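Subject: Structure handover

Hello,

Please find the structure below. My notes on it follow.

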Amino acid sequence: RSFGSPGPARPHAPSVCPSRLSMAMRRAAARLALHRSRVELSNAIFTGTAQKSAGPKQAFGYGEVAPVGAPGFEKFQTKPPETFTDTVKYISKGMTTLPLKKEIIEAIGYPGQKHSAGGITTVGRIYYGPGRYDYGRPVMPQGWIANWFYGFWEFGHLMFVADRWIFFRQLRHLFATMFCFFPMWLQMQWNVKQWDDFKKSHVQ
């Protein structure tokens with residue numbers, strides 16, 4: 001037949017347009033998907049204090065985020081000390097303050113302890129807020145020497161002052177390794193002594 005002649009009638013294809021009700025449901029689901037919903041974790045078996053539904057604390061762990069007396073919140077601890085007075089205050093306050101209960105608990109660890117994307121150990125900070133050196137834009141020192149060695153100061157400041165609980169966490173691994181190694185070392189010493197006694201009494 002010619003292209004101009006009408007062909008036989010074909011059945012209509014099913015409509016791809018959804019009904020108004022289904023379209024409204026899709027739009028509502030898409031709109032509500034952007035809303036945050038609090039996850040109730042209070043009834044979990046292995047749930048730490050920080051994971052209860054009283055409020056999100058992210059990865060700051062057990063207890064308060066910025067308790068009174070927490071290390072690293074003094075004004076002279078926001079940057080490397082550049083005067084003799086600040087150096088004395090920094091060492092006396094940062095290096096001689098006894099660890100708090102929160103630091104000990106987080107260093108030992110507990111079931112349900114929250115973690116976050118971090119560096120090597122993938123654990124987050126347990127203290128944070130106004131007064132810490134890394135809250136907002138860090139305050140940089142004025143002198144050339146302090147700026148040159150800022151990276152070394154920051155590592156020591158984190159490990160031994162602001163986030164010293166991570167250093168306590170490394171001590172946990174050291175003491176646990178020694179605790180597990182000591183019985184094997186003691187048995188090894190007994191075995192060596194028994195071999196010496198055997199050689200003395202059984203001359204070949």
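What does the accessible surface of the protein come to, and what percentage of it belongs to carbon and sulfur atoms? The surface is about 16,000 Å², and carbon and sulfur atoms hold 66% of it. Such areas are computed by the Shrake-Rupley method with a 1.4 Å probe, and for residues only the protein chains shown count as cover.

Before the rest, some conventions. This is a predicted model, in which local features need pLDDT of at least 70 and side-chain atom pairs count only at pLDDT 80 or more, while totals for chains, interfaces and linings use all residues. Residues are numbered from 1 along each chain as its sequence is written, and side-chain values use heavy atoms, with hydrogens and water left out.

Overall fold

The protein has six helices and zero strands, in the order α-α-α-α-α-α. Helices (H or I, at least four residues) and strands (E, at least two) are DSSP runs, numbered from the N terminus. Of the 204 residues, 22% are buried; buried means under 20% relative accessible area, exposed over 50%, and partly exposed in between (1.4 Å probe, protein chains only). Among contacts (heavy atoms within 4.5 Å) with a separation of 6 or more, 69% join residues 24 or more positions apart.

Helices α3 and α6

The axes of α3 (residues 101–108) and α6 (residues 165–201) come within 8 Å and cross at roughly 45°. That makes α3 oblique to α6. Axes are lines fitted to C-alpha atoms, for helices over the stretch in contact, with angles from 0 to 180 degrees between N-to-C directions. Angles under 35 degrees count as roughly parallel, over 145 as roughly antiparallel, 65 to 115 as roughly perpendicular and the rest as oblique. On the α3 side, Glu-103, Glu-106, Ala-107 and Ile-108 take part in the contact; on the α6 side, Trp-165, Phe-168, Arg-169 and Arg-172 do.

Two residues

Lys-93 sits in helix α2 (residues 84–94). Lys-93 counts as partly exposed because its relative accessibility is 33%. Leaving out residues up to four places away in sequence, Lys-93 touches Glu-74, Phe-76 and Gln-77. Its C-alpha atom is 9.1 Å from that of Gly-72, 21 residues away along the chain.

Asp-163 lies in the loop between α5 (150–162) and α6. With a relative accessible area of 6%, Asp-163 is buried.

Regards
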